[in-house]
Amino acid sequence: MSRESARARPCGGCGCGVGGGARIPGESKTFTIAMRLVILEDYDKASEWAAKYICNSIVQFKPGPGRYFTLGLPTGSTPAGCYKKLIEYYKNGDLSFKYVKTFNMDEYVALPRDHPESYHSYMWNTFFKHIDIDPKNAHILDGNAPDLQAECDAFERKIAEAGGIELFVGGIGPDGHIAFNEPGSSLVSRTRVKTLAKETILANARFFDGDLSKVPTMALTVGVGTVMDAKEVMILITGAHKAFALYKAIEEGVNHMWTVSAFQQHPHTTFVCDDDATLELKVKTVKYFQGLMHVHNQLVEPLHSMKSYND
Amino acid sequence: MSRQRAFPDTGSAGILQRLARPSPKARHVTQRSPDRWSCDGSGAAGNFLLPLKMPSNKSVSDAPITQFLNCHILKDHTLQREDLWVREGKILNPEKLFFDEKGYADVQIDCKGSIIAPGFIDAQINGGYGIDFSSATDDMKCGVSMVARRLLSTGVTSFCPTLVTSPVSVYHQVIPQIEVQDGGPKGAGILGLHLEGPFISKEKKGAHPEQYLQTFEKHGFQDLLDTYGSLDNVRIVTLAPELNRSEEVIRELVRRGICVSLGHSVSNLAQAEAAVKQGATFITHLFNAMLPFHHRDPGIVGLLTSNEIPAGQSIFYGMIADGIHTNPAALRIAYRAHPTGLVLVTDAIMAMGLPAGRHTLGQQVIEIDGLHAYVAGTKTLSGSIATMDMCVRHLWQVAGCSMEHALEAASLHPAELLGISQTKGTLEYGTDADLVLMDKELNVKATYIAGEWVWKHCKVANELEMGSE
């Protein structure tokens, strides 16, 4: 495929204005303006595709001393499968996180750091304890900081000092929120304290024994603007309960009531979803992007390994 | 070999191969196939220790941090696939280390699927490897040290040297020589003495010499003090509660922090319960040297299901699970009646670790025949010669209990009995890192005390051996 055809082409069909850019196989990443909707059969395949994409991104970046790959990370049940696959690649020796800096999206306010439902605990148990990341490079907002806004400002500074985020991985709430940017959040917001929406508290109750009074009501979160600043964004969306939010995010206009829709204006966003998450999309949208899967799969096949850089 | 390489050298065995600056020796090692490194669980060749040359974080402590990987640890009463972290001889909370100190391991040990349990605690052991703790000698300190060192191979990291009924002169000679001390590379830790006798029943003396039995008739507690001389390093006393004035003796011992155990006794259940109300918490080798269970008077055995135990107090019972002292069916009855009270003890005699034949125990001669040890010329059992790890395996196989329960019977329960479960007998954060590494059949592969490697099975190759091939 020539470099020319790799540039974004506006889609003539559904008029959604998105194109299918592709990386030239074998070369390091070229920056193509693209919105991709990658549809896999089920949760496991979607998790694997996403993990392969992250792995390839890190490996092809060739991180090393003084050259860190900056990765934005989510929490919740959606990315759990992806984290498992990444741990597998690390254990196989294909991937190392030694020169990776991570920035998590959010953390509850006033929840003890070692509480089993805190995002610190989640990240430790699901990811950090299984890999070789340097603890100094794993950044998570501190919901127990004495000055919360100062903590948020410091977080923004740390991201800037790290050179910005290469790839921000996120999920989506049933109400279309990215991180804890609830409906009505500014689309140019930065890291700040947010009061959680009722729907979010209800969705989180299952992690607190179903007791609404135990669920935190405030959180520190990166802003929509913070994520928009990342070079690349990848949003994981799986399950039928997220289908309506996905529809609002990509088939309707940019709207602060569905904050994920802001990424229609990001130069490089990939939505990775399973069949169930597409249930509210138009058939022709789904068919169009399914037809592009052979192109999308070139981003993850072959799976690059750090072992091949040993010589 | 390029130094400009961006990534760590990840060979086919992944984490095992990670060295900051691969030496020629390590390079040779990394070219091996993974199979050479694997441990098939039977204790066959497998490398454990591979120092990881990562700089240690010095923010809280300069002490090196050790991480045990690929292991199943006994935590919250289950065997979990979790790593175990140790610093300065204590079990470390890795999440706190990661987030608060931004720290990580200095040394990583690949356990290759081993089980890690808290080090075993033996509350009743009369000797071993040719040493008899009840013998009249001025060299007992040396003898106890030798046994303490040999015990490491059985997974025992703490023990209570036990003296059987002996003449007063022996108590006065031997007791001052044995002191409470921490374990280490020199041997298992000594928690204190277990004095089994002489205040026991004549009818249930078992292998104890009758001429040295005593009572509390004359001066109650003072009789005990006169007999033993000093109680400074005494941890457990076994006595028969039916003896006159035993209640005041038990009360005084408990007041001094000494664990009182009922044994070698013909007491009925009421007498035993009265003793428990005074603070007795242990039963010496359940079923042996006591009245058998009777449905109208269960005797001491009835304590397992008694509802006269004071609130907040637990009753524990020692079991010699060598397959000889107790029929497996009886073991199962006790286990099912009161699973959390079962404490494995070896009650091992000096012949443990010695070949078959005649040997001297206390003031008597005993005869070894296979795993049996009899009073010479009789069929009275003299004591056991099974090691603690054999007892754990036997319990697991015949009691129908889980592996976790069998391991806890040798670690958590004795620690609870002796009131030391805040520091020993568990793998909770902040407790002493006394560990025993075992394969899936519960054979001991390596023993650690305070996080230090104190014993390993001869078939477990260390890094030096692997590198030299």
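Author: A residue is called buried under 20% relative accessible area, exposed over 50% and partly exposed in between (1.4 Å probe, protein chains only). This is a predicted model, in which local features need pLDDT of at least 70 and side-chain atom pairs pLDDT 80 or more, while totals for chains, interfaces and linings use all residues. Residues are numbered from 1 along each chain as written, chains are lettered from A and ligands numbered from 1 in written order, and side-chain values use heavy atoms, without hydrogens and water.

Of the 311 residues in chain A, 59% are buried. Among contacts (heavy atoms within 4.5 Å) in chain A between residues at least 6 apart in sequence, 78% join residues at least 24 apart.

A salt bridge here is a side-chain nitrogen of Lys or Arg within 4 Å of a carboxyl oxygen of Asp or Glu. Over all chains, the count by this rule is 27 salt bridges.

One of them pairs A:Glu166 with A:Lys231, with 3.1 Å between the closest N and O atoms. A:Glu166 is in the loop between α4 (148-161) and β6 (167-170) of chain A, and A:Lys231 is in the loop between α6 (224-228) and β9 (232-237), so this pair ties together parts that are 65 residues apart in sequence. A:Glu166 has a relative accessible area of 15% and therefore counts as buried. A:Lys231, with a relative accessible area of 46%, is partly exposed.

A:Arg190 and A:Asp229 form another salt bridge, in which the closest N and O atoms are 2.8 Å apart. Here the loop between β6 and β7 (192-195) of chain A holds A:Arg190, and the loop between α6 and β9 of chain A holds A:Asp229, so parts 39 residues apart in sequence are tied together. A:Arg190 is partly exposed because its relative accessibility is 34%. A:Asp229 reaches 54% relative accessibility and so counts as exposed.

In chain B, the salt bridge between B:Lys424 and B:Asp434 has its closest N and O atoms 2.9 Å apart. B:Lys424 and B:Asp434 are each placed in the loop between α12 (412-417) and β23 (435-438) of chain B, 10 residues apart. B:Lys424 is buried because its relative accessible area is 16%. B:Asp434 is buried as well, at 6% relative accessibility. Salt bridges with shared partners also build a network, which joins A:Glu48, A:Lys52, A:Lys85, A:Glu88 and A:Glu301.

A:Asp275 lies in the loop between β10 (268-274) and α8 (283-291) of chain A. Its relative accessibility is 31%, so A:Asp275 counts as partly exposed. A:Asn204 belongs to helix α5 of chain A, which covers residues 198-204. With a relative accessible area of 9%, A:Asn204 is buried. Leaving out residues up to four places away in sequence, A:Asn204 touches A:Tyr108, A:Phe180 and A:Val215.

Note on methods: Helices (H or I, at least four residues) and strands (E, at least two) are DSSP runs, numbered from the N terminus.
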